[in-house]
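My entries follow in the order I looked.

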Amino acid sequence: MPVKIERSRGTCSLCSESFKAGTTYTSRLYVESEQYKRVDACGVCEDDGKVNDGAVAEWKVKVEKKKKLVLSESAIWQVLKNKEDPELSTRPLTFILCLMLARKRKLRLIATAKVKGKEYQTFENKSRGVHVKVQVPALGPAAFHQLQQEIETFFSGDA
Ligand SMILES: [Zn+2]
C-alpha cells in the first residue's frame, strides 16, 4: 500500500491561521492505520492545549522568510528512540530515516540478516543509545524514491 506524507500547508491544522514569517509552529507526526498524519499547530492552539497526545515525533519549525529546507534531526531521533512503538522495526518510515542518518554518518549499518524471506538491517549509534533492527521495506525503486522524498520534505521546515 502506498505511504503518503503530507507537506506543510503553511497554515495551522487546528485553526487554519496562516503561519507568519518569524513565528514558530510545532509539527507532530502521528501514525494512523498505516498512514502518517501530520499536524501543524500554531502557538495559540498549542497554548490552548488543542493538540492530541500520542505523536511519534514532535518538533518546532521556525517560519523563515526565504524558502529553506532544514532537516530536523531531533525529530528523527525521537522516532528511532521511541521504545513504545511496537511496530517501529517494520515501518518503512523507520528504514528510510535510518538510511538518511546513515548517509549523514550519524548511524552505522552494523548487520544485515534474512529471516523468513524478509531482509533486516541493524543500525546503531552508540553515543545516542540507538540500536534499531529494521525490516527493509518491500517497495519498488520508484515507490521507494517517492517515499524517501516525502519523508525528507516532511522532516524539514519548508514554510
Ligand atoms: Zn492554530
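Entry 1, a helix on a sheet. For contact, I used C-beta atoms, placed from the backbone, that lie within 7 Å. Axes are lines fitted to C-alpha atoms, for helices over the stretch in contact, and angles run from 0 to 180 degrees between N-to-C directions. Helices (H or I, at least four residues) and strands (E, at least two) are DSSP runs, numbered from the N terminus.

I noted the ground rules next. The model is predicted, so local features need pLDDT of at least 70 and side-chain atom pairs count only at pLDDT 80 or more, while totals for chains, interfaces and linings use all residues. Residues are numbered from 1 along each chain as its sequence is written.

Two strands pair if DSSP finds at least two bridges between them. I then checked strand 6 (residues 118-125), which is joined to strand 7 by 6 bridges. Tyrosine 120 has glutamine 135 in strand 7 as its bridge partner.

At what angle do helix 3 and helix 4 pack? The angle is about 75°, and the axes are 10 Å apart. Helix 4 covers residues 141-154. The two helices are therefore roughly perpendicular to each other. The scale is: under 35 degrees roughly parallel, over 145 roughly antiparallel, 65 to 115 roughly perpendicular, and the rest oblique. Pro92, Leu93, Ile96, Leu97 and Met100 of helix 3 meet Leu147, Gln148, Ile151 and Glu152 of helix 4. By class, this contact has 7 nonpolar, 1 polar and 1 charged residues. Ala, Val, Leu, Ile, Met, Phe, Trp, Tyr, Cys and Pro count as nonpolar, Asp, Glu, Lys and Arg as charged, and the others, Gly among them, as polar.

The axes of helix 2 (residues 73-80) and helix 3 (residues 92-103) come within 10 Å and cross at roughly 130°. They are therefore oblique to each other. Ile76, Val79 and Leu80 of helix 2 make the contact with Leu93, Thr94, Leu97, Met100 and Leu101 of helix 3. I sorted these residues into 7 nonpolar, 1 polar and no charged.

Strand 1 (residues 24-32) pairs with strand 3 (residues 57-62) over 6 bridges, and 7 bridges join strand 1 to strand 2 (residues 35-41). Which residue is the bridge partner of arginine 28 in strand 3? It is glutamate 58. In strand 2, glutamine 35 stands opposite glutamate 32, and arginine 38 stands opposite leucine 29.

I listed 4 helices and 8 strands. From the N terminus on, the elements run β-β-α-β-β-α-α-β-β-β-α-β.

Definitions and conventions:
Two residues are in contact if their C-beta atoms, placed from the backbone, lie within 7 Å.
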